[in-house]
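Look at the structure below. Then work through the questions one at a time.

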Amino acid sequence: MKRYLLNQSRGMLDHVRAIRRELHRHPEVGAELPRTRALVLRELAGLGIALRDDVGGGIVADLDGPAGSHRIALRADMDALPMQEETGLEFASETPGQAHMCGHDAHMAMLLGAARLLAQSRDNLACGVRFLFQPNEENQPGGARFMVEAGCLDGVSEVFGLHVWPGRPTGWFGTRPGPLMARPDSFSITLTGRGGHASAPHQCVDPILAGCHLVTQLNGIVSRRVPPGERAVLTVARFEAGTCYNIIPDTAFLQGTVRSLSEEVGNLVRRAMQDMADAVAAGMGVRAELNYVKGFPVVANDPSSTRRAVAVLREISDMVEGNVEPVMAGEDFSHYLNRVPGCFIFMGCGACAADGRGGLHNACFCLDEDCLPWGVAALAGLALDRG
C-alpha cells in the first residue's frame with residue numbers, strides 16, 4: 001500500500017506550499033520564464049539529479065533507477081496566463097496582467113516535491129524517473145512539441161501528468177483510457193462586402209447581415225453534420241463590425257473555436273465551415289475568407305498506462321474514478337502521448353465559489369492547498385510502482 005506516501009508528502013506540505021506561493025507571486029507568461037526556471041533549478045540542485053536546461057525550451061532532470069530498469073517521465077507546465085488576478089490572496093500575483101489562474105504553480109510545486117521525495121527514496125525506485133518542466137502550454141503550438149522534438153522523451157517508456165481540477169474535492173482523482181481532452185482548433189472568418197450609408201442599404205453589400213446568417217448556420221453544424229455518437233463544440237466567440245450607427249461597414253470579423261475528440265470529426269467540422277462560408281458568400285454577394293488553425297492533438301490516454309495509474313491512485317485515495325467523462329478543453333500533453341504511452345490525470349483541488357466563479361482561467365481561481373500532498377504522493381507513487 002502506498003498510503004505512507006501521502007503521510008510523507010503531508011510532512012513536506014510547508015515546503016511545497018512555500019514553493020507554490022513564491023511561483024504564484026511571480027508568474028511569467030509564454031516561453032521566456034527566467035525567474036520561474038531559476039526557482040525550478042534551485043529546488044532541483046543538490047538532490048543528486050542530473051539536470052539539462054533548455055531542452056526544447058524546457059528543463060529535463062533525470063533520477064536513475066535500478067540498473068537495467070525502464071524510465072518514466074513526469075511533467076509539469078510552468079507558464080501563467082495573461083490576465084489580472086482578483087483573488088485578494090496575500091500571495092497574489094505581483095505582476096500586473098499576469099497570473100497563475102490555471103494551477104501551473106501547483107503543478108510545478110507538486111513535481112518538485114515528488115522529485116525531493118523520490119531522491120530521498122531512490123533505493124526504493126522501481127524505475128528511472130525523468131522530470132519535465134515545460135514552458136508555454138497555454139499558447140499554440142505549445143511547448144511540449146518543441147521539447148519532444150528536442151528529445152525529452154528519448155529512452156522514456158511512459159509519461160504521466162496531473163492537472164488540478166476545481167469543483168472536485170481534495171483527494172479526488174479522475175482519468176479515463178482513450179480520449180480525455182479535445183483538439184482545440186481556432187478559426188476566424190473575414191466577410192468583405194461594400195459599405196455605405198445606412199439609409200441606403202440597397203446600394204451596399206452588408207457584411208453584418210451576411211455574418212448573422214453565417215453564425216446561425218455554423219451553430220447547426222454540430223447538431224446536423226456531426227454523428228450523434230460523436231462529440232464536438234463550435235463556438236463563435238467574437239463578432240466585430242462597424243464604427244458608427246449610420247455606416248454600413250465594408251467588413252465583418254468572426255472568431256471562435258472548434259473542439260473535437262477525434263481527427264475525423266475535427267476535419268469534418270472544418271470542411272462544413274468552409275462549405276457554409278462559401279454558400280453565404282455566394283448567396284449574399286460578400287467575400288468570405290476562413291482562416292482555420294488546427295490545435296493540439298486530442299489527449300488520448302493509453303489503456304495500459306491508465307490501468308496502472310488508476311491502480312496506483314487507488315492505493316493512495318478512496319476517491320478515484322477510472323472512466324470520467326471527456327472534457328472539451330485542450331492540452332498540449334497530447335504531444336507526449338503521441339510519442340510514448342502514458343496517462344493524463346485530473347486531481348481535485350476543492351469547490352468553486354457558490355456564484356460559479358473560481359474555475360480554471362477565472363480571475364478568482366483559488367485552489368485548496370491541502371491538495372498539494374495528494375499530487376506529490378500520486379506522482380511519486382507512479383515511480384515507486386512495481387506492478
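The expected span of a helix is 1.5 Å times one less than its number of residues. Keep in mind that this model is predicted.

Q: How many Å does helix α11 reach from its first C-alpha to its last?
A: Helix α11 covers residues 372-384, which is 13 residues. At 1.5 Å a residue, the expected value is 18 Å. The model comes close to that, with a reach of 19 Å.

Q: How many residues of α11 are buried?
A: A residue is buried when its relative accessible area is under 20%. Helix α11 is largely enclosed by the rest of the structure, because its buried residues number 13 of the 13.

Q: How far apart are the end C-alpha atoms of helix α6?
A: Helix α6 runs over residues 207-218, so it has 12 residues. At 1.5 Å a residue, it should span 16 Å. The model agrees: the end C-alpha atoms are apart by 16 Å.

Q: Which residue's backbone nitrogen does a side-chain oxygen of Asp 206 reach at the start of α6?
A: A polar contact needs N or O atoms within 3.5 Å. At the start of α6, the side-chain oxygen of Asp 206 comes to within 2.8 Å of a backbone nitrogen. That nitrogen belongs to Ile 208.

Q: Is Arg 71 buried or exposed?
A: Arg 71 sits in strand β3 (residues 71-77). Its relative accessibility is 17%. The cut-off for buried is under 20%, so Arg 71 counts as buried.

Q: Which residue's side chain joins that of Arg 71 in a polar contact of 2.9 Å?
A: Arg 71 touches several residues beyond four places away in sequence, including Leu 63 and Asp 64. A polar atom of its side chain lies 3.3 Å from the backbone oxygen of Leu 63. The contact of 2.9 Å is between side chains, and the partner of Arg 71 is Asp 64.

Q: Which elements give two or more residues to the lining of the largest pocket?
A: The largest pocket holds about 500 Å³ of space. Its lining has 23 residues, with Glu 138, Arg 259, Ala 329, Gly 330 and His 361 nearest the centre. The elements that give two or more are β5 (158-165), β8 and β12.

Q: Where is Ala 329, and which residues does it contact beyond four places in sequence?
A: Ala 329 lies in the loop between β15 (319-321) and α10 (334-337). At 31% relative accessible area, it is partly exposed. Its contacts beyond four places in sequence are Met 181, Ala 182 and Arg 259.

Q: What is the omega of the peptide bond from Gln 140 to Pro 141?
A: Most peptide bonds are trans. The bond from Gln 140 to Pro 141 is cis. Pro 141 is in the loop between β4 (128-134) and α5 (143-149). The omega of the bond is near 5°.

Terms used
Residues numbered from 1 in each chain as written. Predicted model: local features only at pLDDT ≥ 70, side-chain atom pairs only at ≥ 80, totals over all residues. Heavy atoms only, no water. Buried < 20%, exposed > 50% of the residue type's maximum accessible area, 1.4 Å probe, protein only. Polar contact = N/O pair within 3.5 Å; in protein donor to acceptor, adjacent residues only side chain to side chain. Contact = heavy atoms within 4.5 Å. 1 Å grid on protein atoms, 1.4 Å probe; cavity = no way out; pocket = protein on both sides within 12 Å on 5 of 7 lines; lining within 4 Å. Points joined across faces, edges and corners; volume = space filled by probe spheres on them.
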